[in-house]
Amino acid sequence: MQILWRGNANSWECDELGHLNVRFYMAKAQEALAGLADRLGMNLAFAPDATATLIPRDIVIRFLAEARPGAPLRISGGVTSHDGASLTVAMILYHAASDTPAATFEIRAEHCAAATGRAFNWPARSLKALSVNEVERPALMTPRSLSETPASPTLSVAAANALNLQEIGRGRINRDELDAFGRMRAEFGIGKVSDSVIHFSDGFPEQWEAFAKGEPLTVASAVLEARLNFRRFPAQGEGYVLRSGLKSATDKVRTLIHWALDPVSGKPLWSMEAVACMLDLETRRLAPVSPERLKQLQSRTQPDLVF
């Protein structure tokens, strides 16, 4: 694997839990994807006047270790496979000083016309560069608890209503959230969920109850693994609504499904499946839940909920 990005965890990128927020893990991976594009001969792929670019469609992330403010980080990666008009990239985010993994990213991106977002075949020179940048897929990339079912075509506001999925977020796509071509950047797929998940009282009642009582948090939700699928990247001024459900729960982890939907058409924008835990804010370790809490959570699960 080749080094594609170097930087750090800025303090303003860290959230109320004291570690790098999930959105900025993804933002750094996006920069690394651009670094890979350079090696594929697509050095202007993310510039405003690009004719071809790389658009992420499917992303799997594993969060392996916290990144605290100021931590030096680097991302190494390469191409694990490709077809006529897409590629799959494996990347590992390392704590640079200790050379230990902090996160992994597996991204399937399409080779697209920059203006329209329509996929088209690689030119011959790119196929040669893809072969040169091929790497073996590291075993570290393999998810532990995420499902492998493909993204569902049935997501809609009507389906969310029928399933009584909880509304956890609602908002707009803002100017500073756009890429060079006027589409929402991929990190906001996970970022919008992160901004709203505190409202998911069905999935994380511990946090909701603490805020309701005005008590300090002793545990808080943290994502261990996630996958995202992007059906359409909305543009500036478009709205979104997030509808969420709890798919499963154990004494250690819970699996959540989030649908990001167009509130006007009801059609899907993106979806996310996440495996999360409760993090003990003092020990910084996973906090098992009590039998009573687990019974409450399991009464709210919807095992057939699709991604």
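1. Asp99 sits in the loop that joins strand 4 (86–95) to strand 5 (100–113). The model is predicted, and in it Asp99 has a positive phi of about 60° although it is not a glycine. This deserves a remark, because most residues other than glycine have a negative phi.

2. How accessible is Asp99? The relative accessibility of Asp99 is 45%.

3. Arg284 is found in the loop between strand 10 (268–280) and helix 6 (291–298). Although Arg284 is not a glycine, its phi is positive, at about 65°.

4. Is Arg284 buried, partly exposed or exposed? With a relative accessible area of 23%, Arg284 is partly exposed, because buried would require a value under 20%.

5. The cysteines may be considered next. A disulfide is a covalent bond between the sulfur atoms of two cysteines. When a pair of cysteine sulfur atoms must lie within 2.5 Å to qualify, the count comes to 0 disulfides. Cys14, for its part, is in no disulfide. The nearest cysteine sulfur to that of Cys14 belongs to Cys277 and is 17 Å away.

6. Are Cys14 and Cys112 buried or exposed? Cys14 has a relative accessibility of 16% and therefore counts as buried, the limit for this class being under 20%. Cys112 has a relative accessibility of 0%, so Cys112 counts as buried.

Conventions:
Residues are numbered from 1 along each chain as its sequence is written. This is a predicted model: local features need pLDDT of at least 70, side-chain atom pairs count only at pLDDT 80 or more; totals for chains, interfaces and linings use all residues. Side-chain values use heavy atoms; hydrogens and water are left out. Helices (H or I, at least four residues) and strands (E, at least two) are DSSP runs, numbered from the N terminus. Buried means under 20% relative accessible area, exposed over 50%, partly exposed in between (1.4 Å probe, protein chains only).
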